[in-house]
Amino acid sequence: MATVPEDEVRLCDFCRSIDWVQLTTGPFNPNKAALQNGQLKSGEYNLGLIRAAALASSCELCSLIADASHSLKPWWPIADFLDQPEKITCGFWGGRNRLGSSVQTGKLAQADMLLDILSKGVNPGYTSDNLVVQEFLDNLGERGILLNKREDSVGDGDKRRRNTSLNRLLVHAGISPVEWTAQTFMQLHPCLHPIPSVDDYTTEEEPFAAFPTGRIIQEEVNVRLLKRWYETCSETHGTKCSQPSWLASDTSWPAKLRLIDVRQRRLVEAPESCPYFALSYVWGNEPKPFQTTSFNIDAMRTLKFLADQTLPKTIADAMELTKEMGVDYLWVDRLCVIQDSDADKATQIPQMDLVYSCAAMTIVAACGTAVDGLAGINGTPRIINQKTARVAEDLSLMNVLNLDQPYQDSWWTTRGWTFQEGLCSRRALIVTSSQIFWSCEFAKCCESIAFEAFPTTVEPNDMVFRVLSGHRVFGDFGGGNNFAYGELNFTIRDYCNRKLTVQADALDAFTGVLRRVEVNTGHEFYWGHSVSARFDESLAWCNIVWYPDNEWQAQDMPERRRELHRVRSSDGGVNEVQFPSWSWLGWKHVLGVTRAAPRQVMLEPELEIMKLSLDGKAAKLVLESKEKKHESVSRVDMRGIDHSTSERWKENTMIDPSFLHTDEDGQFRDSGRLLFWTSHATLDIEEGKIYNNLREQVGELKPFWPYQAQKPSGKQSFIVVSRKYDDNDIRVIKAERKLNVLAVEWEDLAKHVASRICAGEVDEEAWIRLGEERKWILVTLT
């Protein structure tokens, strides 16, 4: 254990008894004690004693822990003891974290290691290649033989090595003995002592540390550090960041792109392939926001015109930051898109993914709205609240559990438009009220921890217990797997948890994500649903949410989005249409949307579903010339079901040719409505169950409202939309003798115009037995 001069480090006996240097920066040896969930317990101490030591100012670490303990949540089993700290115990749990690529990270995916460790806990005789390799590496580490360590030359032939792992030290609060499942309220990160400042890392002689040390942040951002992050990425990360896999297949450049020349202070037409930054921010509620219109567009192109305008502080700060980082151009939506021109918006809005993905970097203003400025930039103040405790001669600890809390609490993370702006950014500089973060496809950095010398790539199968895991700011940016069709259900759900000031923007604010999925997968979309795979089943999407009994009434219930969407055609024409009830986009407050993007399996639909124009003409969802062949990702087991099965309830599904749209009808003007022949019946609903007239249960409603909420009841019209398939097994999808149905309300019963209420499923045989109660009708679904 490191010796510490008594007069320099204030620690209580318990804190002094622990070797914090070994625990936080030394080799992690899982053989020292039995692991639980991949973690190692290093001791526990009573919270009452900790707070007493803090009150007496006799222990720096106890003061740090005591301060953090006031944020404990009233969770079981300590909920009743928050005012009785002597009944609460703090446990110290550590685990290995990975830093970049090495033998350990390349060969031992940490998620796989966790499963192996759990298996060994259940069966002591269990072994695996992972466990054998890890034990070998741990034994080498104990003997001082370090593999795949980065060496840094420090002169005179001396070589010092940087760690490829870092011990993750968590503090849990519970009842003694404190288990790893107890409430986590601190994550202690090691710092060199004296603790270096950010400024120390912008000089040629930066402090050396074998681990990524914590560091002190100043009130004014040192732009040289930000420039270092950007230049390191641009010059050394190669195509992983300049042409990431989710962008590489698309070499398009945004059409009619305008940019702000930050040196000439005017609007210019973008030079082809020029480097530019993009700003992602929250507009806020300015009564008369300064913006580009068809009336001032010519003046905006005048030299120094913007220098004479009163710009929102965030935009002014972003312009200054762009200039200081050596880039000439900046894209800002309210200045680079003509805000009162539907023709310009028809060009710009569908290419938002390109605007942000082609940007050399996105400046993310997660620190207020347009009028608040970029915290720490250009004189804009910021809030710094770093707390540390010295625990050894050369070591201090910093609590980083809530490292990105200001980001998580920011308005930016709640807004609909910013969702796609973050995902479509190759590189992002995230400005929060307390510090700045960097995110690219290769590295993650922040002001408060010196990660620059430690590669921090996050591989798809190696995210468990990383230093950065649990910090949302490091996962919200860049495409990654977010543009894979298989991830679209999760992406839609995340987007539905965002808010829109203008509800009519619901599709526009997600178009960039859909376009990026189109480019990467070949899927085509219609109102947020893929028309390339199982479109009919996606109509039966559901909304799975759960709230505690004492909270659900305060939640907003699902509600139709009544605002009109402006459908812009390529010729500049605009038609206002209602958001369709059949699409998840047609609803507000559906926070648990699922099955809106069924697994990619090529199946023949039961019905011929077509889209309807404003002129009442029908057309295929995908033109034959644009149809692409997709491979099924799972095997299909029809389990004896064929055309003869559905013929017992299904009749002719073909639309009369006189209803079809032709070239002679001119441009297809979309109405958002669907037209198809289907089977209809009126059934009874009671407590979410569906009954026939004999009071026999024939099906049930799919989740849509909280379970506590009142469901529809009584007589209800239902229409069939697809066959139900069981796709719980990733390897095979199995046909079921069940039908997906929609509960609908009639907007025009005589013309069979209906809107969706919710989805359900019914037994196919029971549906067939309805006999004459079933009707075959041509439905228009709004």
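In the predicted model, Tyr526 is part of strand S17, which spans residues 525–526. The relative accessibility of Tyr526 is 7%, and this residue is therefore classed as buried, the cut-off for that class being under 20%. Beyond its neighbours within four places in sequence, Tyr526 makes contact with Val531, Trp582, Lys611, Leu621, Asp670, Gly672, Arg673 and Leu674.

A separate description applies to an open sheet of eight strands, arranged in the order S8-S7-S10-S9-S11-S14-S15-S16 with mixed pairing. Its edges are formed by strand S8 (266–269) and strand S16 (444–446), each of which pairs on one side only. On average, neighbouring strands of this sheet are turned by 30° against each other, direction ignored.

Within the sheet, strand S11 (residues 361–366) and strand S14 (residues 428–432) run parallel and are joined by five bridges. In this pair, Thr362 is positioned opposite Ala428 of S14. Helix H8 (residues 223–236) packs on the sheet, where it touches strand S9 (276–280), S11, S14, strand S15 (436–439) and S16. The direction of helix H8 makes an angle of about 0° with that of S15.

Notes
Residues are numbered from 1 along each chain as its sequence is written. This is a predicted model: local features need pLDDT of at least 70, side-chain atom pairs count only at pLDDT 80 or more; totals for chains, interfaces and linings use all residues. Side-chain values use heavy atoms; hydrogens and water are left out. Helices (H or I, at least four residues) and strands (E, at least two) are DSSP runs, numbered from the N terminus. Buried means under 20% relative accessible area, exposed over 50%, partly exposed in between (1.4 Å probe, protein chains only). Contact means heavy atoms within 4.5 Å. Two strands pair if DSSP finds at least two bridges between them. Axes are lines fitted to C-alpha atoms, for helices over the stretch in contact, and angles run from 0 to 180 degrees between N-to-C directions.
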